[in-house]
Amino acid sequence: MGCETGRTSGVTPTWSQPFSLIQTGSDYTQTQKGQFTLNKKESSGGKTGDVIIKEIKIMPKAKKMEKQETFPGEKLAVIEEYSDGPGTYQEDGDVRSSTMGTTTIDKVRRELIVKKTTPMIIVPDEGMDVIASIGSVARRDARIDIFVVDGTHVHPTFSGVIHISDMSKDYLKNIDMAVRSGDIVKGKLINTKNRLNQTSLKGSEYGVIYGFCSRCGGLLEKKEGKLICPDCGRMERRKTANTYGKEKLV
Ligand SMILES: [Zn+2]
């Protein structure tokens, strides 16, 4: 009696429990999902010569179990195939992934292992939007501390710089007409060579998104194009972004 696993090519494996089926001649049909159905409910009743009894075990395709991406709780195999190795657990005869990761198989132990995916590392690149706080402001440039890169919070932060010529399309006599230390800006990375992280505030979507009063530290409010401190009434100038006061800091 041959024992055959359902290793049918081009068939999507079904992850049902293995089951057996008595095949009588050609009285079965293979469905597209890799399951078998009997055409006739009864076998040919034991007539000599024309009954081939075969046990067919439907198993998940002997697939590329290696290097599959997984999510927590995902059913990967049945315990008859592989035992639950590190990064997996067993539940009602199924081997499931306990983490986001990638599968490997220990062939000697017949063990399924899921290696946890390491989080993606964000590297600042030219053209990416950043959100940064303004550090020290010199005559020709401002140092910045970038804490959001391409919409993702980064920790530790990246240091960067904004030159006075990249603050605004208009000529600035003094850098503090555009930014002040402690402000939060949204900018675009224009040069990441030598980890300079040179950033530009040119364009209406870039500039200060949160500015603070240089007298009392209050959060400046934008009213009719002017920045006013609600606490002390001081009016200040900045190169603001059109999302001033509204930008989410993720
Ligand atoms: Zn103030």
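Leaving aside neighbours within four places in sequence, M167 touches I162, L172, I175, A178, V179, L201 and K239, where a contact means that two C-beta atoms, placed from the backbone, lie within 7 Å. All of this comes from a predicted model, in which local features need pLDDT of at least 70, side-chain atom pairs count only at pLDDT 80 or more, and totals for chains, interfaces and linings use all residues. Residue numbers start from 1 along each chain as its sequence is written.

M167 also turns up in the largest nonpolar core, a set of 26 residues. Such a core is made of buried Ala, Val, Leu, Ile, Met, Phe, Trp, Tyr and Cys residues joined through C-beta atoms within 7 Å. A residue is called buried if 20 or more other C-beta atoms lie within 10 Å of its own, exposed if 12 or fewer, and partly exposed in between, with C-beta atoms placed from the backbone. The members that touch the most other members are V130, A142, I144, M167, I175, V179 and V185. At least two core residues come from each of β13 (129-137), β14 (141-149), β16 (184-191) and β18 (207-210). Across the protein, 26% of the 250 residues count as buried.

As for secondary structure, the protein has 21 strands and zero helices; these are DSSP runs numbered from the N terminus, with strands (E) needing at least two residues and helices (H or I) at least four. Strands count as paired if DSSP finds at least two bridges between them. β13 runs antiparallel to β14, with six bridges joining them, and a three-residue hairpin links the two. Within that pairing, V130 has V149 in β14 as its bridge partner. β13 is also joined to β16, again antiparallel, by five bridges, and here D129 sits opposite K188.

Further along, β19, β20 and β21 make up an open antiparallel sheet in that order. β19 (221-223) and β21 (235-236) are the edge strands, each pairing on one side only. β20 (residues 226-228) is held to β21 by two bridges, and L227 stands opposite E236 in β21.

Looking at the whole fold, 51% of contacts between residues at least 6 apart in sequence join residues at least 24 apart. The mean pLDDT (the predictor's confidence in each residue, from 0 to 100) is 80, and 74% of residues reach 70 or more. Over residues 1-62, pLDDT stays under 50, and the model has 80 contacts beyond four places in sequence for this stretch.
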